[in-house]
Amino acid sequence: MSPDKRPIAPGSQEPTSTDAFIKGLWRDNPVFVQVLGMCPVLAVSNTAENALAMGLATCFVLFMSNTLVSSLRNFIPKQVRITAFIIIIATFVTITDYAIQAIRVELHKSLGAFISLIVANCLILGRAEAFASKNSIGKSMLDALGMGFGFVFALFCLGAVRELLGNGTLFGLMIFPDSFQEWIVMILPAGGFFTLAIWLLLFNGIKTKKATT
Amino acid sequence: MSEPTTIPTTTAPNSFIMLRAMVGIGIICALLIVLTYEGTKPRIQMLRAEALEQAIFEVLPAITQSAAFIYKDGSFAPLGEDSKADKGPVVYAGYDANDQFVGVAIEGSGQGYAGTIKILYGYDPEAQQVTGFYVLESKETPGLGDKIESDEDFLASVAGLDVQLNAAQTGLEHTVVTTKDGEREHPWQVEGISGATITSRAIGDILASSMSHWAPIIYQRQNDFQR
């Protein structure tokens with residue numbers, strides 16, 4: 001978890017900057033840098049559509065819970081804060097569950113149990129505890145958006161590669177010619193690990209290159 | 001006696017503040033959930049009904065309308081809008097454009113490779129054949145087990161599967177069995193899928209157990225469905 005190094009002053013009118021947004025999206029990307037929330041990352045990234053839907057659902061829960069936690073941060077005593085955060089997160093997960101059912105039954109079918117498991121995603125509780133409970137509403141919202149979209153981006157990177165190689169399609173559209181032999185292993189759980197490893201390699205490679213130049 | 005060392009005490013939490021916070025959050029969250037539930041309920045029910053309707057049209061070819069029937073006291077009765085109190089298995093009858101009864105769509109379930117598989121399949125009592133099936137719910141391995149929805153040989157063997165009744169009309173003449181990939185010889189056999197052996201066998205077993213129960217009943221009560 002990335003410690004926030006800036007002085008913490010709850011309720012202060014510090015100008016919010018896009019820095020908090022970029023931080024989550026790239027420098028402290030929840031998947032590629034912090035390696036948080038691996039359960040949905042590996043399990044639901046078998047197709048680009050599933051990955052995107054899962055990412056957006058997580059992003060929504062993160063945004064709403066960060067906002068509510070931040071606005072209630074002076075109301076929640078620190079002895080019961082984790083319980084309070086979990087109740088808030090669970091509420092928004094339940095809401096997301098109903099919303100996805102109302103949008104498309106098929107989507108709900110393919111995401112299955114992983115929607116309810118957003119509750120246990122350490123990314124969300126991590127941001128509530130490390131950031132939202134100590135910062136103003138505006139900053140918490142921006143932080144959640146950055147982290148959320150960083151998560152969506154990472155999931156999409158995995159999902160697109162896995163669907164393309166494992167099924168020859170992208171968003172259900174045929175990309176490769178019929179003669180393409182699918183790598184079934186890519187849409188099986190093992191493929192999730194392979195793809196994640198390759199992306200991590202790539203990201204760390206870019207980072208070290210940047211650091212040395 | 002030495003002076004007792006003072007234990008460093010943290011400021012005792014004020015239980016009223018904790019109670020207020022937890023109850024307050026609980027009420028806000030409960031309200032949010034109830035509002036969402038009530039708000040999405042009609043749409044979710046509509047989508048579910050639509051999905052079922054689509055599945056019925058999928059498994060019974062050439063139908064233009066469907067109706068739900070409930071099996072109670074040895075006969076089938078139309079399931080009305082307000083008869084929710086009725087308890088019993090429900091089947092869906094399909095009719096073509098001339099109001100002619102085509103067949104029945106039946107729900108069946110069984111143990112697959114990973115959890116329960118729920119399917120809807122069509123039964124044509126006149127031809128005594130299975131007309132097709134649709135997976136309502138499955139947790140089968142993507143890429144392997146879910147081939148049951150796409151493998152052409154397998155699907156072709158299920159559509160047109162022979163479920164002839166025996167002479168006494170108490171059960172099937174031949175039990176439905178799943179063969180190995182490419183070894184199907186008889187019309188009452190389901191062609192297995194290599195790579196999805198357990199899942200394709202599970203579909204065969206679901207059809208076998210569900211048909212041996214329903215085929216005699218539906219065959220004898222065909223007139224209940226006529227319009």
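Which residues have the most contacts inside the largest nonpolar core? They are A:Val61, A:Leu62, A:Ile88, A:Phe151, A:Ala154, A:Leu155 and A:Leu158, in a core of 52 residues. A nonpolar core is a set of buried Ala, Val, Leu, Ile, Met, Phe, Trp, Tyr and Cys residues joined through C-beta atoms within 7 Å. Buried means that 20 or more other C-beta atoms lie within 10 Å of a residue's own, with C-beta atoms placed from the backbone.

This is a predicted model, in which local features need pLDDT of at least 70, side-chain atom pairs count only at pLDDT 80 or more, and totals for chains, interfaces and linings use all residues. Residues are numbered from 1 along each chain as its sequence is written, while chains are lettered from A and ligands numbered from 1 in the order in which they are written.

These elements each give two or more residues to the 52-residue core; helices are DSSP runs of H or I, at least four residues, numbered from the N terminus:

| Chain | Helices with their residue ranges |
|---|---|
| A | α1 (19–27), α3 (48–71), α4 (81–103), α6 (122–132), α7 (137–167) |
| B | α1 (15–59) |

Another core, of 42 residues, lies apart from it and includes B:Phe69 and B:Ile206.

Now let's follow α1(B). This helix has 45 residues and reaches 61 Å from its first C-alpha to its last, close to the 66 Å expected at 1.5 Å a residue (1.5 Å times one less than the number of residues). Shortly before the proline B:Pro42, the helix has a kink of about 45 degrees at B:Lys41, the angle between axes fitted to the seven residues ending there and the seven starting there. Its buried residues are B:Ile25, B:Cys29, B:Ala55, B:Ile56 and B:Val59.

Terms used
Buried ≥ 20, exposed ≤ 12 C-beta atoms within 10 Å, placed from the backbone.
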